[in-house]
Amino acid sequence: MQRIVIVGGGAGGLALATQLGKRLGKKGLADITLVDAARTHVWKPLLHQLAAGSFDTHAEEIEYLAQARWNHFKFRLGNLVGVDRASKTVQLAASYDEAGREITPAQQLSYDTLVIAVGSQTNDFGTLGAAEHTIKLDSPQAAKRFNDRLINACIRSQSVPRTAGSGRLTVAIVGGGATGVELAAELHAAARVLANYGFDHIHPEKDLQIVLVEAAPRLLAQLPERLSESALRELRKLAIEVHTNEKVIEVTADGLKMASGNVISSSITVWAAGVKAADFLKTLGGGEPLETSKLNQLVVNGNLQTTRDASIYAFGDCAACQQPDGTWVPPRAQAAYQQAMYLARALPRLQAGQTVSPFVFRDQGSLVSLSEYSSVGSLMGSLTKGSFFIEGQMAKLMYWALHKQHQLALGGFKKTALITLSEMIDRAHRPRIKLH
């Protein structure tokens, strides 16, 4: 029986394990194991909402053990630290609880096919002070840590007598990409809700200042310019301070220093600019490591096989995949999802020695959520020969539909319908944001 080990339980890795479990594991055609350092999965595009406290993590998190039980694969808790290509084994580090007690010992798993889908992490480009004084919004743990600091700062501000300048809270967000823009709008909406739960010293415009800093000439630099302009217009309506063409050269405990000489004060700083793959990928594979790019991504061919080992695959943000037209697959959630669906179909054929057409990324457009205020986006594909610009309620509906597509891939129609009903009930009786 083929042993397939998938390392990384993000949107792509979990979707692949689920689909292979249904197609191969259920029929006893393969033994499939998913490995992740966490016990639960949260859809990464929702991290800005988790940071702002505007959704219930317990309702959203997927338990890996339960997902494995329902979909005919195994789950192992662990952090990948090495691959022995000669013996076809992966080494996992021991895991520990918060008190330092060992949960699982160091272990190794044998594989016939290894799939690496460990995603990416925030790239601070070595900026002075960024590692010490910022929160990098690239994991559920970081998002929860930011939310704790935000609520604590609000409680602290609430205890200060309301005099001129007191209680002022500034959140600086470095990076004007989708994550930074979405977080800025979500924080403004959260501040409005806080005022209704006893935080009457927190006024969205007067007492919470949100500053968004981007080094490029415009926000959402990787997306169509019209989308950038629309997002900027919406943020300015919310009195969010936006600085473009401003490169951060140093982060301190209480602010940002720019290359231009400008200084921005900050109570909490979030770094949401740039991504790279994990450093350990550069040495993965033993004596002759697997080939990597400048951003530590594993270089793969059109079938998503690593260039130096056909039995090891990589996809998502941690892989560098060149398209037939010479472009590279972008590090986006829709790309990882498409690659997961491709591998779910292609792996059985490749393992049987059959020829499979190379993966081709089909850009379906981009959507950016501006919390409850609006959404903007551009759709591409069969709707129009070029791109189709949408905003407002239609864009919000499409953004919601993307999340539902992810849930459908993991749980099917029945479970997704039940989750949606649960979300509707939760909104009726729970606070609109997390208050602890």
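1. A salt bridge here is a Lys or Arg side-chain nitrogen within 4 Å of a carboxyl oxygen of Asp or Glu. With that in mind, take a look at arginine 85 and aspartate 309: their side chains meet in a salt bridge, with N to O at 3.1 Å. The two partners come from distant parts of the chain, 224 residues apart. Arginine 85 sits in the loop between β6 (79–84) and β7 (89–93), while aspartate 309 belongs to strand β24 (residues 309–314). Aspartate 309 has a relative accessible area of 11%, so it counts as buried.

2. Before going further, a quick word on what you're looking at: this is a predicted model. The protein has 436 residues, and 51% of them are buried. Its secondary structure comes to 10 helices and 28 strands. Of the contacts with a separation of 6 or more, 63% are between residues 24 or more positions apart. The accessible surface is about 20,500 Å², and carbon and sulfur atoms hold 53% of that.

3. Back to the charged pairs. How many salt bridges are there by this rule? The count is nine. One of them joins glutamate 61 to lysine 144, whose closest N and O atoms are 3.3 Å apart. This pair also links distant parts of the chain, 83 residues apart: glutamate 61 is in the loop between α3 (57–60) and β4 (62–63), and lysine 144 is in helix α6 (residues 140–158). Is glutamate 61 buried or exposed? Its relative accessibility is 19%, so glutamate 61 counts as buried. Lysine 144, at 33%, counts as partly exposed.

4. A further salt bridge pairs aspartate 124 with lysine 136, at 3.5 Å from N to O. Here the partners are 12 residues apart, with aspartate 124 in the loop between β12 (121–122) and α5 (130–133) and lysine 136 in strand β13 (residues 135–136). Both aspartate 124 and lysine 136 are buried.

5. Now for the nonpolar side of things. In soluble globular proteins, nonpolar side chains tend to be buried together. The largest nonpolar core in this model has 57 residues, and the ones with the most contacts inside it are Ile6, Leu16, Leu114, Ile116, Leu304 and Leu343. Helix α9 (residues 333–351) supplies the largest share of this core, nine residues. There's also a second, separate core of 37 residues, with Leu208, Leu212, Leu219 and Leu223 among them.

6. What does leucine 304 contact beyond its neighbours within four places in sequence? The list is Ile312, Tyr313, Ala314, Phe315, Cys321, Gln339, Tyr342, Leu343 and Phe359.

7. Next, helix α1 (residues 11–25). Its 15 residues reach 19 Å from first C-alpha to last, close to the 21 Å expected at 1.5 Å a residue. The helix is mostly covered, with 12 of its 15 residues buried. Among the buried residues of α1 are Leu14, Leu16, Leu20 and Leu24, as well as Gly12, Gly13, Gly21 and Gly25.

8. Last stop: phenylalanine 75, which is in strand β5 (residues 74–77). Its relative accessible area is 8%, so phenylalanine 75 is buried. Leaving out residues up to four places away in sequence, phenylalanine 75 touches Leu34, Val35, Asp36, Ala38, Tyr64, Leu65 and Ala68. Take leucine 34 in particular: phenylalanine 75 and leucine 34 are 41 residues apart in sequence, yet their C-alpha atoms are 4.8 Å apart in space.

Technical notes: Residues numbered from 1 in each chain as written. Predicted model: local features only at pLDDT ≥ 70, side-chain atom pairs only at ≥ 80, totals over all residues. Heavy atoms only, no water. Helix = DSSP H or I, 4+ residues; strand = E, 2+ residues; numbered from the N terminus. Buried < 20%, exposed > 50% of the residue type's maximum accessible area, 1.4 Å probe, protein only. Expected span 1.5 Å × (residues − 1). Core = buried A, V, L, I, M, F, W, Y, C linked by side-chain atoms within 4.5 Å. Contact = heavy atoms within 4.5 Å. Areas by Shrake-Rupley, 256 points an atom, 1.4 Å probe, with all protein chains shown as cover.
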